[in-house]
Amino acid sequence: MKQIIYTLFLLLTFCACNEEVIAPYEGDCGMYFDVKQTSVDTMFVAWGLKDSEIKEQTVNLTVRLFGDVMTYDRKFSIDIISDENDSLRAVEGIDYVKFPTEYVIPANEAETKIAVKVLRTDTLMKQARRFTIQLNETSELQFLYSRTQYIDSVTSRMIDTQRVIYMDEAFPEPGWWYRYGRSIFGTWSATKSKVICDVMGIDREIWIGGLVEPLTVGYIKFVGKYMHRWLQDNPTKDEDGEWMQMGPDSQV
């Protein structure tokens, strides 16, 4: 009996000594901008893909936690940088609405959002606009994680602690235009495409995509003929200063 008790004691001691103990993370905590939202460190606001009547939109930047979630709020601040020497400098109140510079990562949460309302101006038709949002680290939220971009052999920057908001009116040529657009709509221009989308109520993001429902070859042929008639009653100049025209297949 004593031998059985002794054996059980040894087994329990062995198991206790070999039990894997996973220590909780107790290091410093950090913050960084979500790396999935942007290209490198720039968020592109493509106004050209929005209908002409849309004059404002809100973009959200996600700030993520690196480390432990806490049971209390942790504050941090941002700097809004718009370099006066930058020819593309965005101006508060003209290109974007003033927004807070103080934020928190809430208790029991691992992220927070910075909401920025940007504005569409006529200037964007000629020139892009941009400004930068820079995180400021604190004793509780440090810069522990960030990719580094090397500008040259001696200069680098941390690209996940800042975000450049870049706005323009770019409207790319659809991939299908080369095959169908020339004969139906004539010479491509961003201005012409925007007028067609506005008049016909076509979503611009659908327009630059592939030819799928509801944008089919049959439909764009109808659009070409409709726009040819519309331009007879509503003469409109293209971006080259000449009167806008549809292609030869739409004029028959």
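1. The largest nonpolar core has 27 residues, and Phe76, Phe99, Ile114, Val116, Ile133 and Ile165 touch the most other members. A nonpolar core here is a set of buried Ala, Val, Leu, Ile, Met, Phe, Trp, Tyr and Cys residues joined through side-chain atoms within 4.5 Å. Buried means under 20% relative accessible area, exposed over 50%, and partly exposed in between, with a 1.4 Å probe and protein chains only. Two or more residues each come from E1, strand E2 (42-46), E3, strand E4 (74-81), strand E5 (102-105), E6, strand E7 (129-136) and strand E10 (162-168). E3 gives the largest share of this core, 4 residues. Helices (H or I, at least four residues) and strands (E, at least two) are DSSP runs, numbered from the N terminus.

2. This is a predicted model: local features need pLDDT of at least 70, side-chain atom pairs count only at pLDDT 80 or more, and totals for chains, interfaces and linings use all residues. Residues are numbered from 1 along each chain as its sequence is written, and side-chain values use heavy atoms, with hydrogens and water left out.

3. Leaving aside residues up to four places away in sequence, Ile165 touches Met43, Val45, Val59, Leu61, Val116, Val118, Arg129, Arg130, Phe131 and Ile133. Contact means heavy atoms within 4.5 Å. A second, separate core has 20 residues, among them Trp177, Phe185, Val195 and Val223.

4. An open, antiparallel sheet is formed by 3 strands in the order E1-E3-E6. Strand E1 (30-33) and strand E6 (111-119) are its edges, each pairing on one side only. On average, neighbouring strands are turned by 25° against each other, direction ignored. Two strands pair if DSSP finds at least two bridges between them; E1 and strand E3 (residues 56-66) have 4 bridges in the antiparallel sense. Met31 has Leu65 in E3 as its bridge partner.

5. Helix H3 (residues 190-200) is largely enclosed by the rest of the structure, because 8 of its 11 residues are buried. These are Ala190, Lys192, Ser193, Lys194, Val195, Ile196, Cys197 and Met200. Their cover includes helix H2 (177-185), helix H4 (204-207) and helix H5 (217-233). Gly201 follows H3 and has a positive phi, near 65°.

6. Cys197 counts as buried at 1% relative accessibility, and Cys29 counts as buried at 6%. The disulfide count is 0, where a disulfide is a pair of cysteine sulfur atoms within 2.5 Å.

Conventions
Axes fitted to C-alpha atoms, helices over the stretch in contact; angles between N-to-C directions.
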